[in-house]
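Trainee: Could you show me how to read the way helices pack, and how to read a pocket?

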Amino acid sequence: MSGHSKWHNIQKTKGAADAKRAQAFTKIAREMIVAVKEGGSGDPNNNSRLATVIAKAKAANMPNDNIKRTIDKALGSGNNENYERVTYEGYGPSGVAVIVEAMTDNRNRTASEVRHFFDKYGGNLGASGCVSWSFDRKGVIVIDNEDEELDEDNTMMDALDCGASDFEAEGETFTVYTPTESVATVAEALSAKGYKLLSAQEEMLPQQGYIKLTDEGDIKNMQKMLDNFEDNDDVQNVWHNWEDAE
């Protein structure tokens, strides 16, 4: 696969403080509740969307008790949380393509906040479909190789045996690509083989690879925009084609 995954763009948030971790768990829990309601089942064997979210939760080190409690909550008759999926598309500084996926119980509030962040940091909110046409949705699993003890060829063969469609070595990580419907089963198979997963989820990957910004002001504004999106409780995922130079 040409280019690379966006892992190096988000890895600093993966090792964030406890507050960030708690926020990440809250967002995953919200996604899990929606998956249960949309899929009509709390059994991941009968609900592929839920299986995908559980794989994401486990890769983020969300405790099994939290996962079970969230599913039970979603199945409970007293749960009246009604979130809807909303996707926003637009451009960051210098035309960087940005996709913001949210789950909200107040569409007007979320739209206003997303538009504000686009405008404040030199971008603009666009119409539906304005940038998503240039992205592909794939399953992406990131394997930890921080100590560089894993053999690349063996890991690649294991990944392919587990059902991966592509593989890429990136120094301290190996990235495994799958069809979206297979990310949960491949992640589970890799975990069973003893691999430590840093991330396992569906991602939107730019078809033409990532671009670099050269203007310092654009770089700062782009980072601030992404930070604000990530800190927003309604925003689940942010996909873009900016390659952070760090």
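**Helix pairs and a pocket**

Mentor: Happy to! The axes of H3 and helix H7 (residues 183–192) come within 8 Å and cross at roughly 40 degrees. Keep in mind that this is a predicted model.

Trainee: Why do you begin with a distance and an angle?

Mentor: Two packed helices are described by the angle between their axes and by the distance between those axes. Angles under 35 degrees count as roughly parallel. A crossing of roughly 40 degrees therefore makes H3 oblique to H7.

Trainee: Is the crossing of H3 and H7 left-handed or right-handed, and which residues make the contact?

Mentor: The H3 and H7 crossing is left-handed. On the H3 side the contact uses Ala51, Thr52 and Ala55, and on the H7 side Val183, Ala184 and Ala187. Sorted by class, that contact has 5 nonpolar residues, 1 polar and no charged.

Trainee: Let me try H3 with H4. At what angle do their axes cross?

Mentor: The axes of H3 and helix H4 (residues 64–75) cross at roughly 150 degrees and come within 10 Å. Angles over 145 degrees count as roughly antiparallel, so H3 and H4 are roughly antiparallel to each other. H3 passes H4 in a right-handed crossing.

Trainee: Which residues of H3 and H4 make the contact?

Mentor: H3 brings Leu50, Ile54, Ala57 and Lys58, while H4 brings Asn64, Ile67 and Ile71. By class, the contact of H3 with H4 has 5 nonpolar, 1 polar and 1 charged residues.

Trainee: Now the pocket, please. What should I look at?

Mentor: Start with volume, then turn to the lining. The second largest pocket has a volume of about 260 Å³. The lining of this pocket has 16 residues, and Glu31, Arg85, Glu101, Arg137 and Asn237 lie nearest its centre.

Trainee: Which elements give two or more residues to that lining?

Mentor: They are helix H3 (48–59), strand E1 (84–91), strand E2 (97–104), strand E7 (197–206) and strand E8 (235–240). H3 supplies the largest share of the lining, 4 residues.

Trainee: How do the residues of the lining divide by class?

Mentor: The lining of the second largest pocket divides into 4 nonpolar, 5 polar and 7 charged residues.

Note on methods: Residues numbered from 1 in each chain as written. Predicted model: local features only at pLDDT ≥ 70, side-chain atom pairs only at ≥ 80, totals over all residues. Heavy atoms only, no water. 1 Å grid on protein atoms, 1.4 Å probe; cavity = no way out; pocket = protein on both sides within 12 Å on 5 of 7 lines; lining within 4 Å. Points joined across faces, edges and corners; volume = space filled by probe spheres on them. Nonpolar A, V, L, I, M, F, W, Y, C, P; charged D, E, K, R; others polar. Axes fitted to C-alpha atoms, helices over the stretch in contact; angles between N-to-C directions. Parallel < 35°, antiparallel > 145°, perpendicular 65-115°, else oblique. Left-handed = near helix turned anticlockwise from the far one by under 90°. Contact = heavy atoms within 4.5 Å.
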